Amino acid sequence: MPDRTEIPDAPPTPRSPEDAYLEKRTLRRGSAGPLLLTGLGVAYVVSGDFSGWNFGLAHGGFGGLAVAAVLMGLMYTCMVFALAEMASVLPTAGGGYGFARRALGTWGGFLTGTAILIEYVLAPAAISLFIGDYVESLGLFGLTSSWPVYLACFVLFIGIHLWGVGEALRFSFVVTGVAVAALLIFAAGAFTDFDAGRLHDIPVDRDAFGASSWLPFGLLGIWASFPFGMWFFLGVEGVPLAAEETRDPARTLPKAMATSMGILLLLALLTFLAATGAGGADAMKDAGNPLVAALQSDGRPTTLGRIVNYAGLAGLVASFFSLIYAGSRQLFALSRAGYLPRFLSLTSRRKAPYLGLLVPGALGFALAAATGDGARMLNVAVFGATISYALMALSHIVLRRREPYLPRPYRTPGGVLTSSVALALACAALVATFLVDVTAAFIALGVYALAAGYFGFYSRHRLVASAPEEEFAALAAAEAELARE
């Protein structure tokens, strides 16, 4: 027989330490399409339609809150278009942190990512308190103390996230659909009892500059209402955080973001007009459950009111659930790149950032159980959000100016003019938070200062160059160096 020469198999290519590091920190790709992402964008926000926005009536009246909501809707629309462009360029889990990292450097990236993280850690903690109040008021499970509800929320919904991102997003989509359907049913019912005279029934403060029946607290009331106008849209900017788990993110993300923003604008208009016109601005300004109060203006329970009450619980669950997702992805990206402790970005066999879910969840439950102050925590979250909005809008402007030839699968309509509008309104909203809750603003600044100290003295010297957002920024620096040569 002819002699056979055995050809040995080629030895496996050794993995680099960078490959091994990133292999333990990967998310499940291709889990979300345009429909689930659109649902995610609405889910972040939908609880704000059921309550919270109405407290702005106590600061600006119907006219003041209406102007504030229009301006905040404009800010979010402009910002969503700017973020859609940047997400198509850099579709990673870092979202706003990644955009600011390339445009504004490591400090800009860290400050943006930390502001986003403050929003997405504090907001679920606050919403868990509202869920507890709903469960107790509805008499569900015979509970008279709400802390078991907070614990159940975090354990149950974090468990679904640990199960897998596809399952989590589908659950969120279903619950969000229930909440949106209830809002539409509410609007249809409330408009049957609409009275334009009730829109401006708040007593006028004659000492306020520019006061009238439509602006009972004067012109300054418009500015003071900004944080409450944001409640109709707060959180929609979190859609790009799903980029690494999205099919064809460069095309899907812009479409989903624009669609979800359109839905939110429509829901804000219907909810605001229907609730205030049916229940009256004066009654709505202090209502803990404004939609139900609008349907039961005579104090008698109605079938539609009970339906909306239960649907309000669904809306709170949808926002709580989706905000946990957003916070875990922002924490994952910052940790993977070394801005925060690296162990927080480890992923499970099901490709879920389990510590990125468990650690913020434990912190959120502790805050909810210890303080019981949901309004204060939401005001802290709003303060962090406005900082991130200003930095993300600035990042879009810088990238357009500095890198005009960067390939952009999607381009923001209006270019830097659009992001400039978002930047100006975000700065105005940031200042307005001091008009509403100075304590919350300083709490947020204190947390921010501690985080900046950790970054400045420790983590900025230990960044992971192979993380996607860091590689993207390094590529920009190398291209700039070549251009100079």
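**Close-up views of a predicted model**

**View 1. Contacts of leucine 57.** Leaving aside neighbours within four places in sequence, leucine 57 is in contact (heavy atoms within 4.5 Å) with Phe62, Leu65, Ile202, Phe217, Phe272, Thr276, Ala281, Met284 and Lys285. The model is predicted: local features need pLDDT of at least 70, side-chain atom pairs count only at pLDDT 80 or more, and totals for chains, interfaces and linings use all residues. Residues are numbered from 1 along each chain as its sequence is written, and side-chain values use heavy atoms, with hydrogens and water left out.

**View 2. Helix α6, residues 147–163.** Helices are DSSP runs of H or I, at least four residues, numbered from the N terminus. Val149, Tyr150, Cys153, Phe154, Phe157, Ile158, Ile160 and His161 are buried. Buried means under 20% relative accessible area, exposed over 50% (1.4 Å probe, protein chains only). The buried residues of α6 fall within an arc of 150° (directions from helix axis to C-beta atoms), so they line one face. Val155, Leu156 and Trp163 are exposed on the other side. Cover for the buried residues includes α5, α7 (165–190), α13 and α14.

**View 3. Serine 345, in the loop between α13 (303–336) and α14 (354–371).** Serine 345 is buried, with a relative accessible area of 0%. Its side chain reaches the backbone oxygen of arginine 342 at 2.8 Å. Not counting residues up to four places away in sequence, serine 345 touches Tyr21, Lys24, Arg25, Phe332, Ser335 and Arg336.

Methods:
Helix = DSSP H or I, 4+ residues; strand = E, 2+ residues; numbered from the N terminus. Polar contact = N/O pair within 3.5 Å; in protein donor to acceptor, adjacent residues only side chain to side chain. Expected span 1.5 Å × (residues − 1).
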